[in-house]
Amino acid sequence: MRKIIYDCDNTFGLKNHDVDDGLTLFYLLGMPEIDLLGATLSYGNGTILEVQQMTQKLQARLQLDFSYYPTEKAVDFLVEQVNRFPNEITIIATGALTNLARAQEKDPAFFNKVQEVILMGGITQPLFVNQRPVTELNFSCDSLATEKVLLSQAKLTIMNGHMTAEAFFSKKELEDFLEAAGSLITSDKLRWIADSLQSWIEWNEEIFHYSGFCNWDMTTAVYLERPDLFSQEEYQLAGEQANLSKGQLTLAQQSDYLVKMPQKLLDLTSFNQLVIQRMVQGLTRSID
């Protein structure tokens with residue numbers, strides 16, 4: 001059974017803030033054949049305090065069975081688990097990479113003992129969503145930490161902003177998700193989820209003028225289970241990443257830093273069908 005640590009900046013339920021970390025957590029809880037060791041909390045979508053508050057609220061409101069570790073405990077947890085299970089843990093990281101960089105500072109061999117790291121973040125050119133320019137968030141909010149992770153020689157897969165913008169979750173997908181979950185969770189839980197997602201769609205309608213949202217972070221979890229839903233490009237990173245303050249990756253023709261970086265989501269319909277199925281399954285993973 002594959003062991004996973006999810007390092008995230010969850011703000012699900014916080015008005016006008018991203019929901020995709022929370023949805024990715026639902027997915028991971030519903031994914032068969034993995035052992036979610038815990039979620040370590042970072043920042044980006046919100047402050048450290050907001051992320052901690054909303055993760056606590058999400059777990060309490062939905063009674064989900066997972067352990068989470070706030071910033072002051074996250075690094076110790078990462079190092080302890082990787083040393084307990086060397087070469088068995090995949091880390092999915094969808095926020096600032098501060099925790100991972102600090103784990104390497106505490107244990108210089110940290111990344112040598114990680115099976116794989118799957119990141120959401122980075123751009124290679126200006127990023128647009130529905131023709132509106134968007135600033136990169138995850139890699140830029142702690143660019144020094146990002147560079148340490150990118151050049152760590154870990155086995156890296158990067159789900160960049162261009163590809164993940166294709167992971168569009170529409171009002172129709174929301175209706176299908178709520179219908180599928182409706183008979184399996186309580187009405188109070190369903191109402192809170194529905195209100196949170198509808199509020200986020202309304203924000204996106206105002207800002208980006210479309211009825212849905214980019215399910216950016218979800219691509220990391222789906223890639224873990226169904227890499228065939230993505231193209232399989234590989235790139236080499238330059239040994240100096242001078243533009244990470246803008247989230248921009250610097251590529252090279254030849255270097256020691258080879259990464260996987262899919263450029264296309266190949267089947268959005270299958271992607272969203274799987275997302276809905278796994279999220280519904282994850283929501284049934286309640287605390288006894």
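Phe168, Trp200, Trp203, Phe208 and Tyr210 form one aromatic cluster. Rings of Phe, Tyr and Trp (for Trp, its six-membered ring) pair if their centres lie within 6.5 Å; planes under 30 degrees apart count as stacked, over 60 as edge-to-face and the rest as tilted. By this rule the count comes to 12 aromatic pairs.

A word on the source. This is a predicted model, where local features need pLDDT of at least 70, side-chain atom pairs count only at pLDDT 80 or more, and totals for chains, interfaces and linings use all residues. Residues are numbered from 1 along each chain as its sequence is written, and side-chain values use heavy atoms, with hydrogens and water left out.

Back to the pairs: a pair of aromatic rings is described by the distance of the centres and the angle of the planes. Which kind of pair do Phe12 and Phe26 make? Their ring centres are 5.6 Å apart and their planes are at 65°, so the pair is edge-to-face. Both Phe12 and Phe26 are buried, where buried means under 20% relative accessible area, exposed over 50%, and partly exposed in between, with a 1.4 Å probe and protein chains only.

Next, Phe66 and Tyr68. The ring centres of Phe66 and Tyr68 are 6.1 Å apart with planes at 45°, so this pair is tilted. Phe66 counts as buried because its relative accessibility is 8%, while Tyr68, at 22%, counts as partly exposed.

Last, a charge and a ring. Lys3 lies over the face of Phe85, at 4.8 Å from the ring centre. The rule asks for NZ of Lys or CZ of Arg within 6 Å of the ring centre and within 35 degrees of the ring normal.
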